[in-house]
Structures are given as structure tokens and as C-alpha cells.
Amino acid sequence: MADNETYRPGLDELAAHYKDVLRLLGEDPGREGLIKTPVRVAKAMQVLTRGYEMDAHEVLRSALFKEDYSQMVIVKDIDFFSLCEHHMLPFYGKVHVAYIPNGYITGLSKIARVVDIYSHRLQVQERMTLQIRQCIQQTLQPLGVMVVVEAAHMCMQMRGVERQNSITTTSEFSGAFNQAKTRQEFMNLISHSHTHT
């Protein structure tokens, strides 16, 4: 991250706490390799939680276009990185979003921005999936929305059960996607891409 990046208030206080954390872990915060670590971690944590400062609904509203298109719009393979709220360890993967417009569409990059905003908070995968779906549903008022999130969780891979290759999949849907046929069409379209990766 660039040195000229603007950070939120509380950065110095956060860094002071991380200095205490290092000491409580049995380290010497004064040794050469750790002197700048508290402020580096504080800056990183502010970047990783920048979603608290952003309004995902406003992002969608900023690029709302009247359009008669009424077929499925899919944005798939949106990369995301988040922090689980239980251990503050990363979970990461891909988000796939589909919606069926009802008079309005939004810029495709704005869907990815919505994912970015909700993932840059302390999260659980289930809530993040729901928040993305609700934001699109409430803002665009489409005929239906479906969100699928596939993620690997470092809290499972690094500690406890230590399951290295497990993937957690969550989904949320509304409207037209309550029909199994419509859901299946979306799932077929996103699973097809995985055979080529």
C-alpha cells in the first residue's frame, strides 16, 4: 500500500494496541524486525476493514440505468478476501451474482464493488452472502437475485481441524430464483466456467 494513503482516525491507538499484542505473545516489540510492525499491522487492518466506511447501496445507485432487458445478468468469479470475525483470519474465494432486471440495470463493475465493500469488514460467509443479495434486491428491485459464495477459510486450514482443501459454499436467492429451474440455470452457467480453470 502507498505511504500517501489516507487512514482512518484511531490509527496510532490501534498501533499501540498491536505493540501490546506483540509483547503479550512473548515477543520484544523493540527488536529491529518488529519496531515498525505495530503501525504496519494497524494500517493493514484499516485497509482490510475499509468496507465500514462505504455504502454499497450508494455504489449501485451511482450507476443505475433504465433498460428493458429482462434476461439473467451474471457476474461470476468475483475474487474476494475477507476476515472472519471469530478469529480475524482470512477467508477468500469467489462470488457469483445473478439478477433479472425489472426496468433497471447497474454497471457490471458496481456488482464487484458491492462484493468488495461487504468483504472488507469482519464477516461470516453466511452474512456476507445475504448482505450482497439484500443490497442488490433493495437497490435495483429486480425480478430476482441469486448470490453464490465459494470460500476457503484459513481458520479451518491453519488451526483446529486443519482441513487444507475444504471449500465452503453458501447461497442466497429471491424472487424468480425461488424456482428450482431458474436456480439450476444459474448454477449450470457458473459451474461450466470451473471446468476450464
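Predicted model: local features only at pLDDT ≥ 70, side-chain atom pairs only at ≥ 80, totals over all residues.
The protein has 197 residues, and 41% of them count as buried. Its secondary structure consists of seven helices and seven strands. Read from the N terminus, the order of elements is α-α-α-β-β-β-β-α-β-α-β-α-β-α. Along the principal axes, the C-alpha atoms fill a box of roughly 60 × 40 × 25 Å. Among contacts with a separation of 6 or more, 72% are between residues 24 or more positions apart.

Strands of a sheet pair through backbone hydrogen bonds, in either a parallel or an antiparallel sense. Here, five strands make an open sheet with mixed pairing, in the order β5-β2-β3-β6-β7. Its edge strands are β5 (122–123) and β7, each of which pairs on one side only.

Strands β2 and β5 pair in the parallel sense over two bridges. In this pairing, Leu-83 stands opposite Leu-122 of β5. On the way to β3, the sense is antiparallel: β2 (residues 73–84) and β3 are joined over nine bridges. One of the facing pairs is Asp-79 with Lys-94, the latter lying in β3. The two strands form a hairpin with five residues between them, and in the turn Met-88 has a positive phi of about 55 degrees.

Strand β3 (residues 90–100) is mostly covered, with eight of its 11 residues buried. The pairing of β3 with β6 (residues 144–153) is antiparallel and has 10 bridges. Val-97 stands opposite Val-147 of β6, and Ile-100 has Gly-144 of β6 as its bridge partner.

How much of β6 is buried? Nine of its 10 residues are, so β6 is largely enclosed by the rest of the structure. The walk then ends at β7 (residues 168–175), which pairs with β6 in the antiparallel sense over eight bridges. In that pairing, Val-145 has Ser-174 of β7 as its bridge partner.

Is Thr-106 buried or exposed? Thr-106 has a relative accessible area of 4%; the cut-off for buried is under 20%, so this residue counts as buried. Leaving aside neighbours within four places in sequence, the residues in contact with Thr-106 are Leu-60, Ala-63, Phe-65, Tyr-99, Ile-111 and Leu-140.

The last topic is the aromatic rings. A pair of aromatic rings is described by two values, the distance of the centres and the angle of the planes. A search of the whole structure finds three aromatic pairs. In one of them, the ring centres of Phe-81 and Tyr-92 are 6.1 Å apart and the planes are at 25 degrees, so this pair is stacked. It links distant parts of the chain, since Phe-81 is in strand β2 and Tyr-92 in strand β3, 11 residues apart. Phe-81 is exposed, with a relative accessible area of 57%, whereas Tyr-92 counts as partly exposed at 32% relative accessibility.

Another aromatic pair is formed by Phe-177 and Phe-186, with 6.2 Å from centre to centre and 70 degrees between the planes, an edge-to-face arrangement. Both Phe-177 and Phe-186 are buried.

Notes
Residues numbered from 1 in each chain as written. Heavy atoms only, no water. Buried < 20%, exposed > 50% of the residue type's maximum accessible area, 1.4 Å probe, protein only. Helix = DSSP H or I, 4+ residues; strand = E, 2+ residues; numbered from the N terminus. Pairing = 2+ DSSP bridges. Contact = heavy atoms within 4.5 Å. Phe/Tyr/Trp six-rings, centres within 6.5 Å; stacked < 30°, edge-to-face > 60°.
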